Amino acid sequence: MPQKTAVSEERAETTPRRRTGLPWWGKLLAALVALVVLFTLLIRFAVIPGLGELFGEETHDRTGPALLKSIKDMSRYEAATGNFQVVVDLEKDTKYLPDALKGKRTLYVGAGTVSAYVELGGLKDDDVRVNDDRTEASLRLPHAVLGKPALDPDRSYAVSKQRGLLDRLGDFFSDNPNDERAVQKLAAQHIGDAAKDSELTGRAEKNTTAMLEGLLHSLGFDTVHITYAAKK
């Protein structure tokens with residue numbers, strides 16, 4: 001059998017041994033991760049009473065006080081309100097690019113209200129006539145008009161959103177990802193158009209007439225005439 005020489009023994013002693021296992025920083029990191037997972041499980045399953053309250057989530061409202069920007073006297077009678085709902089299907093495509101790469105499609109349910117009112121603050125002297133005995137009154141009012149559509153955030157929601165790869169990357173680096181202002185604006189526009197096609201203004205004029213007749217009768221007028229000016 002060959003015998004080991006002095007040179008081979010010296011090389012064997014100077015050759016460093018390979019370390020096995022994780023380095024010290026790896027062990028420290030693994031221990032920290034294990035502690036975080038352990039605390040999460042303890043809080044999640046309430047193993048220790050009161051631990052969830054100790055590390056529970058707190059909400060702090062640091063909103064500043066609301067500022068009064070302006071005061072406007074209201075002289076209109078809001079006589080009717082309509083509730084509307086519309087399903088908006090908004091799709092944006094890019095020429096020469098597939099939808100999987102560049103494109104957006106949002107299905108949005110918009111619910112809101114539109115009010116109809118009669119403006120009473122602009123009545124002139126010849127629009128209100130009373131006889132000498134104060135038993136008969138005649139009023140000529142402007143026709144009812146529609147207010148701006150108001151979306152209800154509690155009843156409006158996005159059903160589905162489809163975005164291409166480039167759009168997803170853009171939303172990732174954007175300060176306002178998944179912006180829904182476009183579909184909300186379109187929903188309000190459709191609700192406003194539906195209100196124009198409805199009988200909301202006619203209902204508002206009937207309600208205004210009934211309100212004024214009841215008010216003037218309670219003031220002692222026996223005969224009350226309510227008319228509306230010709231539409232321009």
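Residues are numbered from 1 along each chain as its sequence is written, and side-chain values use heavy atoms, without hydrogens or water. Because the model is predicted, local features need pLDDT of at least 70 and side-chain atom pairs pLDDT 80 or more, while totals for chains, interfaces and linings use all residues.

**Helix α6.** Helices here are DSSP runs of H or I with at least four residues; strands are runs of E with at least two. Helix α6 covers residues 200-218. Its 19 residues should span 27 Å, taking 1.5 Å times one less than the number of residues. The end C-alpha atoms are 27 Å apart, which agrees. Buried residues (under 20% relative accessible area, 1.4 Å probe, protein chains only) of α6 include L200, A204, T208 and L212.

Is R134 buried or exposed? R134 is exposed, at 55% relative accessible area, because exposed means over 50%.

**Helix α2.** L35 lies in helix α2, residues 24-45. L35 has 45% relative accessibility, so it counts as partly exposed, the class between buried and exposed.

**Rings.** The charged end of R76 sits over the ring of Y117, 3.8 Å from its centre. The cut-offs are CZ of Arg or NZ of Lys within 6 Å of the ring centre and within 35 degrees of the ring normal.
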